[in-house]
Amino acid sequence: MASPARSGRMLLTAPALAIIVAFMLLPLLLMAYISILEKGPAGGVRWGAHTVEAYVAFLFERDLADELVLNTDYLRIFLRSFWLAGLTTLITLAIGFPTALGMALAPPRWRTFLIFLVTVPFWANLLVRNYAWIILLRNNGLVDQARHAVGLGSGPLDLLYTPVAVLIGLVYSYLPFMVLPIFASLEKLDWRLVEAAFDLGARRWQALRRIVVPLAMPGIVAGCILVFIPGLGAFITPELLGGGKALMIGNLIQSQFGAARNWPFGAALSFALLALVLLAMLAYLLRYRAPPGAER
């Protein structure tokens, strides 16, 4: 028989577990089931007709003789998504780490204001922010006019609706997700260790590389995950700034549930993306899990 304390904990966690099961686990199970069904003749699915054709279609397609031939179109979209998400992660890390370090070294009375400045973009909807970048990056936009004003060319910039525009939008959208976790790690850092390194003859770069960066590594890894995973499944930014020319995984999944009406293939793509996300989270938990007895 369960003890009163254990029963109390179960009662307290029951609402949260019920919400997780109802709004996350059951929809995932439904999507998993849809991914192994046949596509309906007019869209949707044929309930009860099971097949793995949706997973096969990721790498193969059927020719006129109904034979499977290699098709790398979807693989290229996945690789493009990984490339843009990875490059976004590297750029936000290069910008976010010095920013977080400066915030951590700032006087305490300024830190709240600096955090406020970092989080200001969240006050506007992501859709509005991307439309703002369209105004900035379009031909004869503000960026183009500024380039002409300083004499860096006379022709149109042609930056909008390119992978570069998508990359700029992703970096802008997810930069706060890199800054804040790193700042949280640096804020708790014992700076007496850095002073001790200086006393022992270490230079600034040596102290940064051997003390600050290793101690901030949990925040760095958390920031990389928080940027890479949403960037991998980004939809609005590639749709608006890419103009359909820089298709990413999120756009591909949306098109399968929308215009293509191929629900099984869209569900299969979603589960492929989910598997990658879970692997990244598992790697993070295994690398930075607390050692036994650390909570005591």
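Predicted model: local features only at pLDDT ≥ 70, side-chain atom pairs only at ≥ 80, totals over all residues.
Hi everyone. Before we start, one definition: a helix here is a DSSP run of H or I with at least four residues, a strand is a run of E with at least two, and both are numbered from the N terminus.

Let me begin with the pockets. Which element gives the largest share of the lining of the second largest pocket? That is H9, with four residues. The space in this pocket comes to about 190 Å³. Helix H3 (73-105), helix H8 (192-199) and helix H9 (204-215) are the elements that give two or more residues to its lining. If you want to find the pocket on your screen, pick out the residues that line it: Leu101, Leu105, Trp191, Val194, Phe198, Arg204, Ala207, Leu208 and Val212. Sorted by class, this lining has eight nonpolar residues, no polar ones and one charged residue.

Now for the largest pocket, which holds about 260 Å³ of space. It is lined by 16 residues, and those closest to its centre are Glu53, Ala54, Ala57, Asn262 and Phe265. What kinds of residue make up this lining? Eight are nonpolar, three are polar and five are charged. At least two lining residues come from each of strand E1 (37-39), helix H2 (53-56), strand E3 (60-62) and helix H13 (263-288). So much for the pockets.

Next, the surface. There is a nonpolar patch here, and its members are Trp110, Phe113, Phe116, Leu117, Val120, Phe122, Trp123, Phe177 and Leu226. Together they have about 870 Å² of accessible area. Which helix gives the most to this patch? Helix H4 (residues 108-119) does, with four residues.

On to the charged side chains. Side chains of opposite charge can pair when their charged atoms come close. How many salt bridges does the structure hold? Four, and I'll walk you through some of them.

Glu38 pairs with Arg46, and their closest N and O atoms are 2.9 Å apart. Glu38 is partly exposed at 28% relative accessibility, and Arg46 is partly exposed too, with 44%.

The salt bridge between Asp144 and Arg147 has its closest N and O atoms 2.8 Å apart. Both residues lie in helix H6 (residues 142-149), three residues apart, which is about one turn of the helix. Are these two buried or exposed? Asp144 is buried, with a relative accessible area of 1%. Arg147 is buried as well, at 15%, because anything under 20% counts as buried.

Then there is Asp190, whose side chain meets that of Arg192 in a salt bridge at 3.0 Å, N to O. Asp190 is partly exposed, at 32% relative accessibility, whereas Arg192 is exposed, with 62%.

Let's go back to helix H6 for a moment, as Val143 lies there too. At 32% relative accessibility, Val143 counts as partly exposed. How far is Val143 from Val164? The two are 21 residues apart along the chain, and their C-alpha atoms are separated by 14 Å.

Last, a couple of spots in the backbone to click on. Tyr161 has a phi near 65°, a positive value in a residue other than glycine. Where does Tyr161 sit? You'll find Tyr161 in the loop between H6 and helix H7 (163-187), and this residue counts as partly exposed at 36% relative accessibility.

Arg261 also has a positive phi, near 55°, and it too is a residue other than glycine. Look for Arg261 in the loop between helix H12 (249-257) and H13. At 38% relative accessibility, Arg261 counts as partly exposed.

Note on methods: Residues numbered from 1 in each chain as written. Heavy atoms only, no water. Patch = residues over 30% accessible without salt bridge, like charges linked within 9 Å, V, L, I, M, F, W, Y side chains within 5 Å. Areas by Shrake-Rupley, 256 points an atom, 1.4 Å probe, with all protein chains shown as cover. Buried < 20%, exposed > 50% of the residue type's maximum accessible area, 1.4 Å probe, protein only. 1 Å grid on protein atoms, 1.4 Å probe; cavity = no way out; pocket = protein on both sides within 12 Å on 5 of 7 lines; lining within 4 Å. Points joined across faces, edges and corners; volume = space filled by probe spheres on them. Nonpolar A, V, L, I, M, F, W, Y, C, P; charged D, E, K, R; others polar.
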